[in-house]
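Keep the model open as you read.

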Amino acid sequence: MADTLEFNEIYQEVKGSMNDGRLRLSRQGVIFKNSKTGKVDNIQASELAEGVWRRVALGHGLKLLTKNGHVYKYDGFRESEFDKLSDFFKAHYRLELAEKDLCVKGWNWGTVRFGGQLLSFDIGEQPVFEIPLSNVSQCTTGKNEVTLEFHQNDDAEVSLMEVRFYVPPTQEDGVDPVEAFAQNVLSKADVIQATGDAICIFRELQCLTPRGRYDIRIYPTFLHLHGKTFDYKIPYTTVLRLFLLPHKDQRQMFFVISLDPPIKQGQTRYHFLILLFSKDEDISLTLNMNEEEVEKRFEGRLTKNMSGSLYEMVSRVMKALVNRKITVPGNFQGHSGAQCITCSYKASSGLLYPLERGFIYVHKPPVHIRFDEISFVNFARGTTTTRSFDFEIETKQGTQYTFSSIEREEYGKLFDFVNAKKLNIKNRGLKEGMKQSYDEYADSDEDQHDAYLERMKEEGKIREENANDSSDGSGEETDESFNPGEEDDDVAEEFDSNASASSSSGDGDSDRDEKKPAKKAKVVKDRKPRKKQLESKKGKDPNAPKRPMSAYMLWLNANREKIKSDHPGISITDLSKKAGELWKAMSKEKKEEWDRKAEDARRDYEKAMKEYSVGSKSESSKAERSKKKKKKQEKQPKGKVEKKGASKSLSSSKSPAKNASESFKSKEFVSSDESSSGESKKEDSEEEGGRSPPPSSEDSGSGSD
C-alpha cells in the first residue's frame, strides 16, 4: 500500500465557504493546501480521533474530528474512493472510516448532542446538521428559546447568521433546560467573555434603541449592555461614529453610537445605539484602575476621579475608549432657534439634525446620511396641507428618504443650509432664487387667497353670461313676462310719456312691437347705471366736512413733535404707546382743557354739516331731474317724437283720461321712488305749463276737428 494519497480538486468547508485545494494523506498526518491563498492546514496523525464518510452535495465528503475538539470537513470525493481511503485509515491511523448518511426527512424536531466543539442536531441516529461552536459569536436565551449568532465570513457570498432552538420545559426540579443548553454552547463558543472587572459601570440608563433601561459596563475591549431581558456585548472595533445631539426642548441630550455590524434582537437589527439623558443628571465617577494605569492608557483624556453631567461622563469615556471623535451639530439654526427640525419619517415623528458632513434623524428608525452619499435633494409640497413641506433625499444607490410634515417656516433656513453645502437640488430649475421661491411658497396659504372661492366666482360669471344669452334669445320668441321688481320704473315712465286720449288698436299693436327691442336694450343698459349709482354712494364726497377729532387726538397732534424730540429714533408703534402712557398719566384739569377744544370742534362740525346738507340736497334734486329727462328721451321711440309734442297740451286738459288709463296699476307695485318721482313730475309739468303760451283759436279749432 502506498504511503501517501493525494486528491486534487478537494473542497474544504470553512465557516460556510468552500475553499478549493489539494489534500494529501501521509503517515505523519493530513495536509490541505488552499489553491487560492496558499494557506496550509496540517493535522497530525496522533491528533485524529474519528473519521466519517458521508454523502454530501458535491458528491461524497470526509469529516475528521481531532482529540482537542476541532472539526475538519473535505468534500469532492468520488464514491469509488471510499475503499482506498478506508484501507489507508486502518493501516496508518488505526481508525475505522465510518459511513453515516445525513437525515433528509426534513423534520425540525430532534435531539441536540454536544461532542467536543461540535453541536449536532439528530433525528434518531442520523444527524441533520452540525454546528462548530467555535463559529458562535453570541448566545442569548428567552422563554423556552435559545438563539445562536455566528461570526460573519467576509469570503462567503451568503452566510448563516442566526439559528434558534426551542427547548421544551421539563419536570425536573432545579434544572432549567434553557440555561443548561446555553451553558453547553458558551463553554465551547467563541463568545466575548466578560473577564476581569469593568473599568466603570453606568446604572439604569434610558435606551431608545433597543428600548429599555440598561446597565452599561465599560470593559477595556468591549461594551456590555445588561438589561432585564437581553444582554449585548459590543466590541469597540464595531463602533463607527459617536454623536452628541441636543434635544429640541433644550433639556435633554441624545448620545448616538453607530455600529457595523449591528447588534441583533431576534429579526431586528440595530445599527444605532441611542441613549437619552437629562441635562440635570449629575454623576461622580471613579475608574476601577489606579492613577498610573489611567495615565498610561488614556494619556490625560481621563482621570481616575471625574464628576459632571451624566451625558458628559458617558461621552467622554466612550470617546477615550473607542478613540473616535464625537460629532455635534454645526452652525445650522432653525426657525425656533433649535439646531434640529421637527419632522416625520415613516409615520413616526422625530428630529432631523443637519450636520457639517451629513444628516442624522432620530429616533425611530435612526437614519444617518453622509453628504458624499447624496445624489440630490428635493423640496416638495406637503401631501395633506400646504402649511408644511417634505424634504426628500435620494442617495447615489437609489435609496430615497422622505422627511415630511416640516413647518414651512423652516423652508428658508433648510434651503440656505443645503445650498451652502453645495448639494444638488432637484427642483432648483423651478425656482430662480431662494428668497423669491420661499416668498411665493409662503404666501400660498394666506387667508385672502382661496382657490375654491376663485373657482366658484368664475363659474358664477359663466352661469350669469349664459343666463343673459338665454334670456335675450327667448325674449324674441315668447311673450314678455311681468316682473314687478325689475320693470316697475319702466311701466310708470312708459305711461307718463305715451299717455293719450285717442289710441287705436293699431297704435297699441305697434307699441307692443316696439317694446320688444326696447326690452332687449333694457336688460343690458339698465343694470350698469345702477352699479354706478351704488359706487357713487359708497364713495365719500371730498367737499364734505371732516369729522372732529377726539380730545386725545387733538393733544397728540399738538405734542407729537415734542415726544419725538424727547425720544429720538422712536418708531411709530412705540410713539403711540408712549403717547398713551402720557395721556393716561395726565391730570384731570389738563384733560378738561382738551375736552373743551374737542367740544368746540364738534359744534363747528355740526354747523358745517347742516350747511353742507342743504346745498347737497338742492344739487342732487337738479341732477335727478336732468337724469330723468335724459332717460325719457332715450326710451321715447323716434317715430313718435312729433306726436308727443303735439299732444303735450292735451295731456294736461285730459288728465282724467290719463288717470283712468293708469287706474289698473295697483299700489303694491308702486315703489316709493316712483311716488316721489311722480310728485316731481307734476311740478315739472306745472312749470312747463306756465312757461308755454296759451293755445290760439286756430289751434283749438284744429284740435276740435
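A disulfide is a pair of cysteine sulfur atoms within 2.5 Å. By that test, a search of the whole structure finds 0 disulfides. Take Cys-340 as an example: the nearest cysteine sulfur belongs to Cys-343 and is 9.1 Å away, and Cys-340 is in no disulfide. Cys-340 is also buried, at a relative accessible area of 1%, where buried means under 20% relative accessible area, exposed over 50%, and partly exposed in between (1.4 Å probe, protein chains only). Cys-207 is buried too, with a relative accessible area of 2%.

A word on the ground rules. This is a predicted model, in which local features need pLDDT of at least 70 and side-chain atom pairs count only at pLDDT 80 or more, while totals for chains, interfaces and linings use all residues. Residues are numbered from 1 along each chain as its sequence is written, and side-chain values use heavy atoms, with hydrogens and water left out.

Now turn to the interior. In soluble globular proteins, nonpolar side chains tend to be buried together. A nonpolar core here is a set of buried Ala, Val, Leu, Ile, Met, Phe, Trp, Tyr and Cys residues joined through side-chain atoms within 4.5 Å. The largest one has 41 residues, and Phe-202, Ile-218 and Leu-223 touch the most other members. Helix 4 (residues 310–322) gives the largest share of this core, 9 residues; helices (H or I, at least four residues) and strands (E, at least two) are DSSP runs, numbered from the N terminus. A second, separate core of 26 residues includes Cys-343, Ile-374, Phe-391 and Val-418.

What about the aromatic rings? The whole structure holds 30 aromatic pairs. Rings of Phe, Tyr and Trp (its six-membered ring) pair if their centres lie within 6.5 Å; planes under 30 degrees apart count as stacked, over 60 as edge-to-face and the rest as tilted. Tyr-361 and Phe-403 have ring centres 5.6 Å apart and planes at 45°, so this pair is tilted. Because Tyr-361 lies in strand 27 (residues 358–362) and Phe-403 in strand 31 (residues 400–407), the pair ties together parts that are 42 residues apart in sequence. Both residues, Tyr-361 and Phe-403, are buried.

Tyr-411 and Phe-415 make a stacked pair, 6.4 Å centre to centre with 25° between the planes. Both lie in helix 5 (residues 411–420), 4 residues apart, about one turn of the helix. Tyr-411 and Phe-415 also belong to one aromatic cluster, whose members include Phe-332, Phe-359 and Phe-391.
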